[in-house]
Amino acid sequence: MDATTSAIVWTKQRPQPSWLVRLFDWKPFLIFACMLPAIGLLMVFLTYPLGLGIWLAFTDATIGRDGKWIGLENFIWLAEDPIFWSSVFYSVFYTAVATVGKFGLGLWLALLLNNHIPFKSLLRAIVLLPWIVPTVLSAIAFWWIYDAQFSVISWFVVDVLGLRDRYFDFLGSAWPARWSLIAANIWRGIPFVAITLLAGLQTISPSLYEAALLDGSTGWQRFRYITFPLLLPILAIVMTFSIIFTFTDFQLVYAITRGGPVNSTHLMATLAFQRGIPGGQLAEGAAIAVAMIPFLVFATLFSYFALARRKWQQGESND
Amino acid sequence: MSDAAAAAAPARKESATVTPELMSWDTRTRRVVTIYVPLACFVFILLFPFYWMTITAFKPNHELYNLRDYNPLWISSPTLDHINHLLFNTAYPSWLMTTMGIAIGSTFLSLFAATLAAYAIQRLRFKGSQYVGLAIYLAYLVPPSILFIPLALMVFKLGLFDSPFALILTYPTFLIPFCTWLLIGYFKSIPYELEECALIDGATRLQILTKITLPLATPGLISAGIFSFTLSWNEFIYALAFISSSEKKTVPVAILTELVTGDVYQWGALMAGSLLGSLPVAIFYSFFVDYYVSSLTGAVKE
């Protein structure tokens with residue numbers, strides 16, 4: 001840099017960086033500094049509450065009063081509570097039916113979008129819309145669609161088609177309300193499944209299909225022996241996510257029915273909320289939340305083993 | 001060329017049977033029935049609630065509650081009453097601002113933490129970094145539904161109850177894992193040689209991060225940012241549990257708890273609120289749809 005001055009000093013000392021720069025260039029410190037914000041936040045607001053939640057489940061804490069250890073009393077109390085068991089049943093039922101619906105329809109939509117069609121990117125953008133919009137807001141739209149007096153579905157079926165003579169009572173009794181919630185959940189879940197599976201479909205090499213066509217395969221055989229096996233790894237991941245987040249769903253049920261009529265549509269999450277926050281029984285709410293953990297662990301292990309097969313965590317690209 | 005084709009076509013029709021044409025007609029119908037009709041049904045079902053939301057927001061009440069005399073699928077006299085009511089008789093503008101502030105704050109916080117963590121895991125490569133990566137991934141699988149009760153207690157003890165900071169600090173719990181995972185994938189795609197060159201030229205690690213890796217990972221940062229913004233905009237359960245005073249609520253919570261009063265639901269205002277609450281994310285999304293899709297699928301494919 002000093003080339004313009006008269007005497008060129010060839011042996012110019014490289015400026016010694018300040019101690020701060022050197023500290024940040026020291027790898028162990030740099031690693032520590034880089035990991036600190038993420039790990040710190042996750043430890044304080046995720047790991048610690050998780051432990052605290054499990055501790056709370058074994059205490060008698062309420063809002064404004066620190067609990068003391070009471071052992072399994074909360075769980076014994078819950079085991080005799082028919083509303084708790086009905087929420088467990090509905091959580092499992094809701095997850096099972098909604099997952100089957102989402103994946104059936106989502107896979108179908110992905111296969112449709114994988115064809116050569118005009119306006120493909122526009123269609124893809126439209127399809128994702130239900131997933132982008134805040135769940136509660138689309139749930140309110142569904143609430144209005146399911147309204148007892150002014151439902152557009154009832155209007156269509158009764159006044160236009162004339163198939164029935166009475167309006168549907170979607171949310172007024174237990175089973176119709178349960179199915180209505182499942183339908184709304186499927187509606188919201190299809191886009192995510194379809195778009196992620198579409199990405200999986202696009203990684204399958206067309207030459208496999210060409211080879212299969214030359215061998216005289218039928219459409220079903222191509223799906224069964226090429227598409228499905230190659231889609232399986234991504235399907236397993238997406239399904240784990242979907243199962244976990246459907247099982248712990250809260251927003252949809254809270255927005256549309258708040259657990260009613262007569263507690264018949266409570267999921268475990270909504271019941272935990274109702275008992276824990278407005279009801280003030282923190283410990284009981286925490287116990288219900290902790291009761292969800294075994295199901296989640298099961299789903300996570302499923303994910304881990306499905307993923308471990310691909311050895312992707314090692315950071316090697318083997319696909 | 002076209003002449004030759006035109007000449008060839010009738011000739012072939014005479015010599016061969018009509019089957020080829022029938023086949024082509026058949027496949028075309030088949031295509032319509034197996035692809036376009038189901039696709040149209042999907043698009044209709046996926047979009048109908050939005051159409052219904054929009055149309056309700058602009059419908060006067062007497063049309064809204066009279067299905068016999070007015071066609072519910074159309075508006076005969078559109079009105080802005082509901083939106084007017086929402087903007088001037090409720091705290092809607094302040095809810096929007098709060099939500100926006102919280103979403104931006106938590107997005108920046110998580111992007112900052114996630115970028116550094118992803119860089120350390122993917123580029124600094126310390127012993128056990130893969131396990132840290134896996135642990136962060138597993139953190140994503142812990143749903144807010146099992147955390148909100150202990151978090152509510154913590155927030156209360158920390159004196160953050162009813163303050164937007166409670167949400168800005170807790171949203172990163174589900175944003176950081178996702179962003180870190182996404183950015184690890186992006187950093188992986190940047191050639192390591194670039195960093196080695198910079199090291200030889202005497203750059204420090206931080207200079208490498210700010211001058212080489214981050215500019216190259218901009219698409220990844222944008223995807224992660226958009227994703228975080230939408231997720232925090234849509235978050236519900238923490239906002240419901242940690243905020244109690246009316247004017248500090250976020251849009252999804254406020255619409256559900258403040259606009260639903262008594263037994264008579266203001267459907268017009270509810271739908272107008274839902275529409276306006278959905279618009280920012282929808283507009284945001286429409287600008288960056290490709291980044292969004294790539295982040296969604298990239299994270300799953302990784």
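How many helices and strands make up the secondary structure of chain A, and at what angle do helix H5 and helix H8 of chain A pack?

Author: This is a predicted model, in which local features need pLDDT of at least 70 and side-chain atom pairs count only at pLDDT 80 or more, while totals for chains, interfaces and linings use all residues. Residues are numbered from 1 along each chain as its sequence is written, and chains are lettered from A and ligands numbered from 1 in the order in which they are written.

The secondary structure of chain A comprises 13 helices and zero strands (helices are DSSP runs of H or I with at least four residues, strands are runs of E with at least two, and both are numbered from the N terminus).

Helix H5 (residues 120–132) and helix H8 (residues 174–202) of chain A pack at an angle of about 135°, their axes being 7 Å apart. Axes here are lines fitted to C-alpha atoms, for helices over the stretch in contact, and angles run from 0 to 180 degrees between N-to-C directions. H5(A) and H8(A) are therefore oblique to each other; angles under 35 degrees count as roughly parallel, over 145 as roughly antiparallel, 65 to 115 as roughly perpendicular and the rest as oblique. From H5(A), the contact draws on Arg124(A), Val127(A), Leu128(A), Pro130(A) and Trp131(A). H8(A) contributes Trp187(A), Arg188(A), Pro191(A), Phe192(A), Ala194(A) and Ile195(A). Two residues are in contact if their C-beta atoms, placed from the backbone, lie within 7 Å. By class, this contact of H5(A) with H8(A) has nine nonpolar, two charged and no polar residues (Ala, Val, Leu, Ile, Met, Phe, Trp, Tyr, Cys and Pro count as nonpolar, Asp, Glu, Lys and Arg as charged, and the others, Gly among them, as polar).

Of the 319 residues of chain A, 40% count as buried, that is, with 20 or more other C-beta atoms within 10 Å of their own, C-beta atoms being placed from the backbone. Among contacts in chain A between residues at least 6 apart in sequence, 67% join residues at least 24 apart.

Chain A also meets chain B: 76 residues of chain A are in contact with 77 residues of chain B. On the chain A side, helix H2 (residues 27–57) supplies the largest share, 16 residues. That side divides into 59 nonpolar, 13 polar and four charged residues. Chain B itself has 16 helices and zero strands.

Note on methods
Buried ≥ 20, exposed ≤ 12 C-beta atoms within 10 Å, placed from the backbone.
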